[in-house]
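Welcome, and please load the model in your viewer. We will walk through a few selections together, one stop at a time.

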Amino acid sequence: MRSAKREPRGVDLSSTTRRNQREWDRTAGWFEARHGATLSRGNAMGWGLFHVPERRLHILGDVRDRDVLELGCGAARWSVALTRRGARVVGLDLSSRRLEQARKESRHARVEFPLLAASAESVPLRDASFDIVFCDFGAMTFADPYHTVPEAARVLRPGGLLAFSTWTPLHELCFDRGRDRVGRRLLRPYFALHRIDFSGAVEFQLPYGEWIRLFRENGLGVETLMELPAPPRGRTTFLYPAEIPWARRWPIEVIWRARKEPVPVAR
Ligand SMILES: C[S@@+](CC[C@H](N)C(=O)[O-])C[C@H]1O[C@@H](n2cnc3c(N)ncnc32)[C@H](O)[C@@H]1O
């Protein structure tokens, strides 16, 4: 398998990104032990906290012969599954420990694709080289959208798709840091949403209008904003059982689909 040997360029990384890199290196083993089985369910192509199958949601559609970039691939289960479906995939992640897991996963599956050690905030790949850029609670949750959205737009071809799942703004507003779970009170201001520093890895979130403005500014038009309720009898290792009723009543996670504008036809 081709695999980038070098680490993400430390000098180029912000202190927040370096902190997230250390945090994901530190927790990589724990994350796999806790969530590996959830993320492997079905054919491993599942979205969000409840791993809702791609074959039900059709977020990416037909990937055969498509160039696909996974931003924050972790153990790269999605990348493995997409390669098997005929996509040409690149898996990118900030954490060398998570990339070791990705190598192990792809060796085990006997599937080959490039794995790249880099930050989604500064992607070392050519402009207009992908048809699909995506992640499932990957770098679009843990890296600054003011850098990741322009980077995703840059590497997409005209007409290409950006798709990602992440928390909702409402979840971030209601997350009770002291109790380490989501609650029923709004605990912070909506319009100040950006960098969220609860503990551990830093996350990012924007007000809905600001996401849409940022997509538009980078030539991306929103096609879908899918708010996913917790499925009936849904199981997950990503929430405490007491949080699941919340996620049935209020939106806890979303999937965004945004399309890069096609090149205008000359008249
Ligand atoms: C919650 S995991 C999800 C990964 C994947 N969907 C999986 O199933 O394992 C988030 C991943 O994003 C990666 N990540 C965080 N910040 C990143 C950044 N700035 N650039 C690239 N990857 C990043 C982490 O190292 C981690 O592997």
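Before you click anything, keep in mind that this is a predicted model. Start by selecting the shell around the ligand: its residues divide into 13 nonpolar, five polar and three charged. In total, 21 residues surround the ligand. Among them, the closest are D93, R98, S119, A120 and D136.

Begin with the side chain of D93, where an N or O atom sits 2.6 Å from an oxygen atom of the ligand. Next, pick L94; here a backbone N or O atom is 3.3 Å from a nitrogen atom of the ligand. Then move to S119, whose side chain places an N or O atom 3.1 Å from a ligand nitrogen.

On its own the ligand has 600 Å² of accessible area, and the protein covers 97% of that.

Which elements give two or more residues to this shell? Colour α1 (15-40), β4 (88-93) and α5 (139-142) to see them. The largest share, three residues, comes from α1.

For the last stop, select the cysteines. How many disulfides does the structure hold? The count is zero. Take C135: the closest cysteine sulfur, in C73, is 10 Å from its own sulfur, which is too far for a bond, because a disulfide needs the two sulfur atoms within 2.5 Å. While you are there, check burial with a cut-off of under 20% relative accessible area. C135 counts as buried because its relative accessibility is 0%, and C174, at 5%, counts as buried too.

Terms used: Residues numbered from 1 in each chain as written. Predicted model: local features only at pLDDT ≥ 70, side-chain atom pairs only at ≥ 80, totals over all residues. Heavy atoms only, no water. Near = heavy atom within 4 Å. Polar contact = N/O pair within 3.5 Å; in protein donor to acceptor, adjacent residues only side chain to side chain. Areas by Shrake-Rupley, 256 points an atom, 1.4 Å probe, with all protein chains shown as cover. Helix = DSSP H or I, 4+ residues; strand = E, 2+ residues; numbered from the N terminus. Nonpolar A, V, L, I, M, F, W, Y, C, P; charged D, E, K, R; others polar. Buried < 20%, exposed > 50% of the residue type's maximum accessible area, 1.4 Å probe, protein only.
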